[in-house]
Amino acid sequence: MSTFILLNTFFYYLHGTTRITTSVVIVLSLLFFFLKQKDSKLETLKQTFESIQSWKNNTFKPFRNTKDIIRILLVVFLDTSLLGFLWIKRTTDLMSSPWQAVDVGFFIIFTITTMFLTYTVLKSTSKILPFFLVSLHLFTMYAVAPLLYPLGYGFDAFIHRVTESWIFENGFINPKQPYYIGQYSLVVFLSHITNISIFVIDVYLVPLLAAILVPLTLATAYAKKFKMQTNHALVHILAIAFIPFLSFHLTTPHNLVILLSLLTIFTTLLYQKNKLTWIVPFLLTLAALVTHPLIGAPIFGFFLTAIFIKQSKTAFAKRTWLALSTLGQIFLLPILFTINNLRTGNGWPIFGNPFLELPKFFELFARPYWYLKNAPIFWELVYAWERMIMPVVVITAIVGFLLYKKKTISTYLYPLTAFGIFISAWLLRSWITFPDVVVYEQGDYPMRLIRASVLFLLPWFLYGLFRIAKSFYVEHDKYWRPIFVIVGACMLTASFYFSYPQRNIKSRFPGFNVTQADFDAVEWIHKNETTFEISPLLLPDPSQIGIVGTLQKGEGLIEKKEHEYDYIVLSNQLVSAAALTNYSFAKTFETSLGELFYYSIPTGGPLYKQYGKMLYEGQRREFMEAAMDLVGVNKSYFVVNSYWANSDEIIKGAKKTADSWEVVGDGKVWVFVYERNR
């Protein structure tokens with residue numbers, strides 16, 4: 001996988017990602033099968049037959065026992081039933097939280113499934129089926145959004161998908177930026193070789209990769225590192241999903257890099273124990289670097305330090321590398337963000353006193369505004385536990401690290417890297433201010449870094465859980481194990497709930513999803529701007545109508561003229577996402593404030609600011625005319641979704657200033673038209 005990412009990225013920058021480069025990558029990948037082997041051909045053939053026989057025995061052995069069959073089939077039935085239920089509940093209407101599609105019964109079944117899964121994996125005599133069962137369960141957790149939202153979920157994912165579609169059609173997109181190409185080229189490559197649509201591959205890429213690779217890679221590495229049975233390691237790996245923000249339910253470059261980083265950390269454990277070649281984690285770090293340099297850089301530095309420490313001969317040299325690595329992790333990202341700001345022409349950031357700006361850093365840990373301060377006691381207890389999850393993870397990791405008796409200098413690389421990245425997040429939030437970045441984005445990357453720092457503690461978090469549980473098993477194993485299974489299943493269910501936006505009496509998540517009404521509004525605007533003319537052509541054969549035109553009138557044919565896009569649309573980000581999906585990067589305007597997309601995009605751009613004025617400062621005609629003046633057009637659209645809290649007042653105000661309007665989707669979306677004399 002890493003090689004596919006790296007080769008496709010290389011060809012993207014060299015030429016582009018096309019069917020030709022895809023064929024070249026496939027051919028190059030075949031070279032792996034021609035690597036020189038130490039064994040003779042006869043010996044290799046013998047080992048192959050032995051491996052096949054072993055695979056058959058390890059796979060089908062459980063089916064010789066009726067109880068094993070029942071347990072395995074029960075877990076598969078329950079998980080697939082949950083997936084089927086989500087598929088049935090999929091919707092193109094408004095649903096701000098996926099949990100609005102389910103009831104408490106869904107979570108009860110999930111909890112029961114987790115308990116049966118744990119028992120089945122621990123009792124299984126197969127070496128392969130437990131991986132499949134755990135992967136299926138994780139996929140059930142990660143596939144909620146892809147299954148429930150057939151039009152897509154989130155906002156950033158839409159932009160990435162549109163870019164991938166553009167690359168699929170054109171080979172590359174200008175300018176060739178040093179961001180995200182690892183994901184883009186991989187998705188386009190997979191679409192070329194499978195003929196599956198960009199949408200399907202993109203939506204399911206990270207959920208599928210995480211469900212497959214987390215059990216296979218992490219459980220194997222964890223079992224070998226701490227010398228335990230693979231089945232036990234697989235059960236422990238479920239605790240990865242205990243951390244809500246590691247829910248791999250959405251395909252974005254950031255989430256893909258988090259997955260690659262997780263794989264790198266655990267394969268590095270094996271490399272340090274001489275149980276795996278350095279090539280595997282090294283390729284993973286490179287794949288992370290070309291997918292998202294600003295997030296991949298810390299993991300790249302981490303692995304390079306692991307190599308330097310391993311190759312150093314003296315304890316002094318090892319400690320020196322460790323100290324330099326920690327110091328480098330602290331300042332690496334502030335430096336990279338500053339360089340990127342200069343590269344994009346935004347100048348130097350503003351440097352302040354990080355100690356005086358500590359409140360800005362602490363604000364990252366505050367609850368968002370949509371959490372109600374006082375709720376019924378049940379919900380207060382539920383969200384009190386949510387606040388405790390990360391402290392519990394960190395404390396358990398510390399306990400696990402302290403109890404691990406075979407620590408070497410290289411072992412300290414993990415907690416010190418976590419510490420360095422955490423301090424880097426503090427500096428990035430409190431020391432540096434980027435004037436051209438909107439306020440909420442100033443805290444976005446520091447928060448991502450804080451969460452990324454936790455990745456380096458995960459091996460010790462899992463080991464800490466193992467040691468804590470083991471201390472209870474000594475005298476009362478018969479009683480404590482069921483208790484741990486039940487409690488663990490309930491805690492995993494709670495984290496599953498927290499992994500997605502919630503909308504309840506305590507948490508009123510304000511985000512919304514793209515709906516069919518948004519697509520209908522975008523299509524209406526596009527058709528409203530498409531002009532037709534009558535061509536004096538004789539009518540062709542009826543079977544050919546539709547190839548040369550759309551409507552017939554008399555002896556002529558009404559033909560569609562080219563769409564000129566000489567207008568702008570002020571709308572929320574979800575309507576803009578629908579426009580991007582249907583019409584890609586159809587039109588941009590060169591302005592004094594830079595290049596602007598013809599729909600307002602929520603990245604602090606001037607068109608989105610004008611949209612905000614129309615929403616919150618009154619529906620004045622001068623706001624729309626100011627937006628038209630900015631890009632040099634004489635027509636604009638103002639789109640209002642009825643789910644806004646004060647949508648009635650906004651619609652009433654817009655009716656007074658607009659030239660005309662259109663009601664879309666039985667009042668779900670209102671489109672107001674503003675024109676002026678040319």
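Asp 444 is partly exposed, with a relative accessible area of 30%; here buried means under 20% relative accessible area, exposed over 50% and partly exposed in between, with a 1.4 Å probe and protein chains only. Asp 444 belongs to helix 20 (residues 444–455), where helices (H or I, at least four residues) and strands (E, at least two) are DSSP runs numbered from the N terminus. Arg 429 is 15 residues from Asp 444 in sequence and 9.2 Å from Asp 444 in space, C-alpha to C-alpha.

This is a predicted model, in which local features need pLDDT of at least 70 and side-chain atom pairs count only at pLDDT 80 or more, while totals for chains, interfaces and linings use all residues. Residues are numbered from 1 along each chain as its sequence is written, and side-chain values use heavy atoms, with hydrogens and water left out.

**Overall make-up**

- The protein has 26 helices and 11 strands.
- Of its 678 residues, 50% count as buried.
- Among contacts (heavy atoms within 4.5 Å) with a separation of 6 or more, 74% are between residues 24 or more positions apart.
- The accessible surface is about 33000 Å², and carbon and sulfur atoms hold 64% of that surface; accessible areas come from the Shrake-Rupley method with a 1.4 Å probe, and for residues only the protein chains shown count as cover.

**Nonpolar cores**

- A nonpolar core is a set of buried Ala, Val, Leu, Ile, Met, Phe, Trp, Tyr and Cys residues joined through side-chain atoms within 4.5 Å.
- The largest such core has 143 residues, and those with the most contacts inside it are Trp 99, Leu 138, Leu 262, Phe 266 and Leu 458.
- Helix 10 (residues 198–226) supplies the largest share of this core, 17 residues.
- Apart from neighbours within four places in sequence, Leu 262 is in contact with Val 214, Leu 218, Ile 240, Phe 248, Leu 455 and Leu 458.
- A second, separate core has 54 residues, including Ala 577, Tyr 583, Val 640 and Val 664.
- In soluble globular proteins, nonpolar side chains tend to be buried together.

**Buried polar residues**

- Asn 231, in helix 11 (residues 230–237), is buried at a relative accessible area of 13%.
- A polar atom of the Asn 231 side chain lies 2.8 Å from the backbone oxygen of Val 121.
- Not counting residues up to four places away in sequence, Asn 231 touches Val 121, Leu 122, Ser 124, Ser 126 and Pro 130.
- Thr 22, in helix 2 (residues 19–29), counts as buried at 4% relative accessibility.
- Leaving aside neighbours within four places in sequence, Thr 22 is in contact with Phe 189, His 192 and Ile 193.

**Aromatic rings**

- The structure holds 69 aromatic pairs; rings of Phe, Tyr and Trp (its six-membered ring) pair if their centres lie within 6.5 Å, and planes under 30 degrees apart count as stacked, over 60 as edge-to-face and the rest as tilted.
- Phe 361 and Phe 362 form a tilted pair, 6.1 Å centre to centre with 50° between the planes.
- Phe 361 is buried at 4% relative accessibility, whereas Phe 362 is exposed at 51%.
- Trp 524 and Tyr 637 form an edge-to-face pair, 6.3 Å centre to centre with 85° between the planes.
- This pair links distant parts of the chain, 113 residues apart, with Trp 524 in helix 22 (residues 516–528) and Tyr 637 in strand 9 (residues 635–641).
- Trp 524 is partly exposed at a relative accessible area of 23%, while Tyr 637 is buried at 0% relative accessibility.

**Charges over rings**

- A charge sits over a ring if NZ of Lys or CZ of Arg is within 6 Å of the ring centre and within 35 degrees of the ring normal.
- Lys 176 lies over the face of Tyr 12, at 5.4 Å from the ring centre.
- Arg 367 lies over the face of Tyr 371, at 4.7 Å from the ring centre.

**Backbone features in loops**

- Asn 174 and Pro 175 are joined by a cis peptide bond with omega about -5°, and Pro 175 is in the loop between helix 8 (156–170) and helix 9 (181–194).
- Asn 195 is not a glycine but has a positive phi of about 65°.
- Asn 195 is in the loop between helix 9 and helix 10 and is exposed at 65% relative accessibility.
- Asn 274 also has a positive phi, near 60°.
- The loop between helix 12 (253–272) and helix 13 (279–291) holds Asn 274, which is exposed at 60% relative accessibility.

Conventions
A polar contact is a pair of N or O atoms within 3.5 Å; within protein, one must be able to donate a hydrogen and the other to accept it, and residues adjacent in sequence count only if both atoms are side-chain atoms.
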